[in-house]
Amino acid sequence: MATAAELFIRCLENEGVDKIFGIPGEENLYVMDALRNSTIEFITVRHEQAAAFMADVHGRLTGKAGVCLATLGPGASNLVTGFADANMDHSPVVAIAGQGATTRMHKESHQILDLVSLFDPISKYSVEILEPEIIPELVRKAFKDSQAEKPGGAFISFPENIAGEEMTGEALPLKVQSPLPPDAPEAKVVQAARVIDAAKFPLIMAGNGVIRDHANEALVAFAEKLNIPVTQTFMAKGAIPFSHPLSLGSVGLQAHDYVACGFDRADVVICIGYDMVEYHPRLWHPDKEKKIIHIDLSYAEVDAHYVLEAGVLGDIPDSLTRIAAHASKQHAGKTDNLKGIIMEELDDYAANTSYPLKPQKILFDTRRVMNKEDILISDVGAHKMWIARLFRCERPNTCIISNGFASMGIGVPGAIAAKMACPDRNILTITGDAGFMMNSQEIETALRCRVAIVIMIWNDSAYGLIKWHQERRFGHSNNIGFNNPDFVKYAESFGARGYRVESAAELAPALEKAFADNTVVIIDVPVDYSENMKLTENLGHLVCPV
Ligand SMILES: Cc1ncc(C[n+]2csc(CCOP(=O)(O)OP(=O)(O)O)c2C)c(N)n1
């Protein structure tokens, strides 16, 4: 006779789950015990938030829901930030929390929180297991909802008395069905092709949906056939290779960056797999005068700055191929050298020897050392803005940026999950000193699980991005400084390695050595963030090339 917890684990196996990130607790004893006879590996972590970030990055890289687990009350509330990050970044994640027995949920009771309500606003599906028989349906629905476009979070609360119940009936896992996305109606395809044919300066904006729907090759073919330039959001980096002649680079900086010049000129913007949460249309479409074509698997969000001329809802590769077949006009391609300006900016700093290091120099050397398939996970801060602008990506999902919820602390746990999902690639996280300290405890997890990652800390002893914003707004800053530990000694205290970069020339060799070390390595890189305000000033004076 199986317990409900054992049936639950069978259902997770049936969904193809191979790992659960989490921390065991008293209220999930039965679930943990059921894992002893399972193919699923449990990755014991040091903070539930990290477990959720790991599930988040696992989901983003594999397209299959990452799974995290916590106990009730404080364990579950610790999951919230990482889980919300996954939900807003449209990464599939299923979170499981233990819960007190159903016999004490109706009253004040030790560690009991209404978890279904807590997770409701940050999930696509939030549910409690109140009968063992419903487990197969409930688990199937959680995974189906989480993985369906747009992907996001599903939360399951599992009361301990239900988990321990002996199953009497014949409940079995349900068949996993993966329906193909529907194709767009022909009339919509033809309408979009007409709008594109009538355009003077069309521009493509690719979003993360292109990567989620494996539409990157179709995107390139579409752009090439019609000779239309492509820009991408932060989370779509690599959807078109940076080196492609039609690639303009990434958009998303709130300031008016070079790539935004492409928007100024465009009369038709073709948004493909675009998530508004990343880069609000008000920023690139203030005058509401452009024609917008929305190509996606989901309906467009309603927004006064995003009123559609044509909407093509269906499998993205199929839609792109069919629209391109109906459109006949060859457009002007890139009419200016916007990407050239970005390249010049990088090249200018390639041989820069100043210390602390300039962000541009760090990213130039990092790109040179990393292979095209290697993965960079960005944390959140000023460093993320530099990575988004200047780190050149040739392949989808090789630069993971959180730009929906945009939570600090994703870097270290995200890198661990990336290495587990892609063990043959080098994995680097670039993080601010503040974001690093939010989940640095997971260095122990990485070492214990023998997961080799490199952590590059941009060290400025401050909340750099906020300092940047304060200086921009008020001309001064306050309450943003702090002291750091000695990061080399900190690494060594865990049994990891630590290198401090003491001149610009030391960075590239240190990074090469760190990858070759094949363990957990911290590289402490003092960064010169005076470049932040220089960038603001330069972009403030930016005159778009004509
Ligand atoms: C969890 C969380 N708290 C606060 C913020 C707001 N925030 C965004 S960037 C930032 C500063 C980041 O500092 P650091 O990690 O040192 O990176 P830097 O900006 O210096 O590159 C803050 C406080 C956030 N995005 N996430």
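**Salt bridges and nonpolar cores**

Mentor: Across the whole structure, a search finds 24 salt bridges, a salt bridge being a side-chain nitrogen of Lys or Arg within 4 Å of a carboxyl oxygen of Asp or Glu. The model is predicted, so local features need pLDDT of at least 70 and side-chain atom pairs count only at pLDDT 80 or more, while totals for chains, interfaces and linings use all residues. Residues are numbered from 1 along each chain as its sequence is written, and side-chain values use heavy atoms, with hydrogens and water left out.

D365 takes part in a salt bridge with K361, at 3.0 Å from N to O. These two residues are separated by about one helical turn because they stand 4 residues apart in helix α15 (residues 359-369); helices are DSSP runs of H or I with at least four residues, numbered from the N terminus. D365 is buried, its relative accessible area being 3%, and K361 is also buried, at 8%. Here buried means under 20% relative accessible area, exposed means over 50%, and partly exposed lies in between, for a 1.4 Å probe and protein chains only.

D365 also meets R368 in a salt bridge, with 3.8 Å from N to O. Their separation in helix α15 is 3 residues, again about one helical turn. R368 counts as exposed, at 53% relative accessibility.

In helix α22 (residues 507-517), D517 and K513 lie 4 residues apart, about one turn of the helix. Their side chains form a salt bridge at 3.2 Å, N to O. D517 is buried, with a relative accessible area of 14%, whereas K513 is partly exposed at 43%. Elsewhere in the list, salt bridges with shared partners join E149, K150, R212 and D275 into one network.

The nonpolar packing comes next. The largest nonpolar core has 51 residues, of which F436, I453, I455 and I522 touch the most other members. A nonpolar core is a set of buried Ala, Val, Leu, Ile, Met, Phe, Trp, Tyr and Cys residues joined through side-chain atoms within 4.5 Å. Helix α3 (residues 48-62) contributes the most to this core, with 8 residues. With neighbours within four places in sequence set aside, I453 is in contact (heavy atoms within 4.5 Å) with V412, A415, I416, K419, I427, T519, V520 and V521. A second, separate core holds 46 residues, including I401, M456, Y499 and Y529. In soluble globular proteins, nonpolar side chains tend to be buried together.
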